[in-house]
Amino acid sequence: RGRGLLAQAVLGVAAGLTAGIASVMWTSKLGNQYLKAEVESHHQANMGVLRKLRQRADNRRCADCGSTGAEANAWAIVNFGAFVCTACASAHRVRADVSKVKGLSGTYLWGADEVTAMSGGNEFVERMLMQNCGSRLTCSASHQERVNFVDRKYGRQLWKEDQTELSGSTVQPVAMVEPISTAAAKPVAAGSASDDWFEGW
């Protein structure tokens, strides 16, 4: 009888662990939570969408300094839908209160809300945040110059277009000038868990 009780206890623990694993949550850069298993199951498809977005003409250049090449759009500013280079991404990380930076190499998971947020791309960011800009950032800019630019463009939005909607735009953006905080897709609301390696910066 003792062995039977022990076996039942073991099975109970195993069932609890299995249920716990199945309900592990993953938190996106935009603060929405999903079942991590579901995010993992859509990883390849999401990366495929992001690769196509990176190949779009406006997204091949860094949204901030205009650099081109393999690293010109290796990073994303998720809450604004901008594709940027490695150097500018480093500057955005300094302003973590303004920007949500995420790599596009495929190493890290992307949620449905994050992928949707990138659909506007650099053209939309340019139209909305750079309409009244007199002095642009260059590829040779120093790190501090990039940090200052991020503050002016994204933080204080000094050059923002006055219009809330743009007519004649060729893009159908999801991201607006205000950083996105809600998902287009419905996330699962539950506990917290995140594999966001930028939180340590």
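Q: Which pattern does the protein chain follow when read along the sequence?
A: The model is predicted: local features need pLDDT of at least 70, side-chain atom pairs count only at pLDDT 80 or more, and totals for chains, interfaces and linings use all residues. Numbering starts from 1 along each chain as its sequence is written, and side-chain values use heavy atoms, with hydrogens and water left out. The protein chain holds 7 helices and 5 strands, taken as DSSP runs numbered from the N terminus (helices H or I, at least four residues; strands E, at least two). Along the sequence, the pattern is α-β-β-α-α-β-β-α-β-α-α-α.

Q: What percentage of the 201 residues in the protein chain is buried?
A: A residue is buried under 20% relative accessible area, exposed over 50% and partly exposed in between (1.4 Å probe, protein chains only). Of the 201 residues in the protein chain, the buried share is 43%.

Q: What share of the contacts with a separation of 6 or more comes from residues 24 or more positions apart?
A: Contact means heavy atoms within 4.5 Å. Among contacts in the protein chain with a separation of 6 or more, residues 24 or more positions apart account for 68%.

Q: In which order do the strands of the open sheet of 3 strands lie?
A: Two strands count as paired if DSSP finds at least two bridges between them. Strand 3 (residues 75–77) runs antiparallel to strand 4 and is joined to it by 3 bridges, with Ile77 opposite Ala82 in strand 4. The open sheet has antiparallel pairing, and its order is 4-3-5.

Q: At what angle do helix 4 and helix 7 pack?
A: Two packed helices are described by the angle between their axes and the distance between the axes. Axes are lines fitted to C-alpha atoms, for helices over the stretch in contact, and angles run from 0 to 180 degrees between N-to-C directions. Helix 4 (residues 86–94) and helix 7 (residues 143–155) have their axes 8 Å apart and pack at an angle of about 65°.

Q: Which residues does His92 touch, not counting residues up to four places away in sequence?
A: His92 lies in helix 4. At 0% relative accessibility, His92 counts as buried. Beyond four places in sequence, His92 touches Asp64, Ile77, Val84, Ser99, Val101, Val150 and Tyr154.

Q: Which residues does Arg95 touch, not counting residues up to four places away in sequence?
A: Arg95 is found in the loop between helix 4 and strand 5 and is buried, with a relative accessible area of 18%. The C-alpha atoms of Arg95 and Val147 are separated by 7.5 Å, although the two residues are 52 residues apart along the chain. With residues up to four places away left out, Arg95 touches Val150 and Asp151.

Q: Why is the pair of Phe80 and Tyr154 classed as it is, and what is its class?
A: Rings of Phe, Tyr and Trp (its six-membered ring) pair if their centres lie within 6.5 Å; planes under 30 degrees apart count as stacked, over 60 as edge-to-face and the rest as tilted. Both Phe80 and Tyr154 are buried. Their ring centres are 5.0 Å apart and their planes lie at 70°, so the pair is edge-to-face.

Q: What is the C-alpha separation of Trp110 and Met47?
A: Trp110 sits in the loop between strand 5 and helix 5 (112–117) and is buried, with a relative accessible area of 1%. Beyond four places in sequence, its contacts include Trp26, Met47 and Val115. Trp110 and Met47 are 63 residues apart along the chain, and their C-alpha atoms are separated by 7.7 Å.
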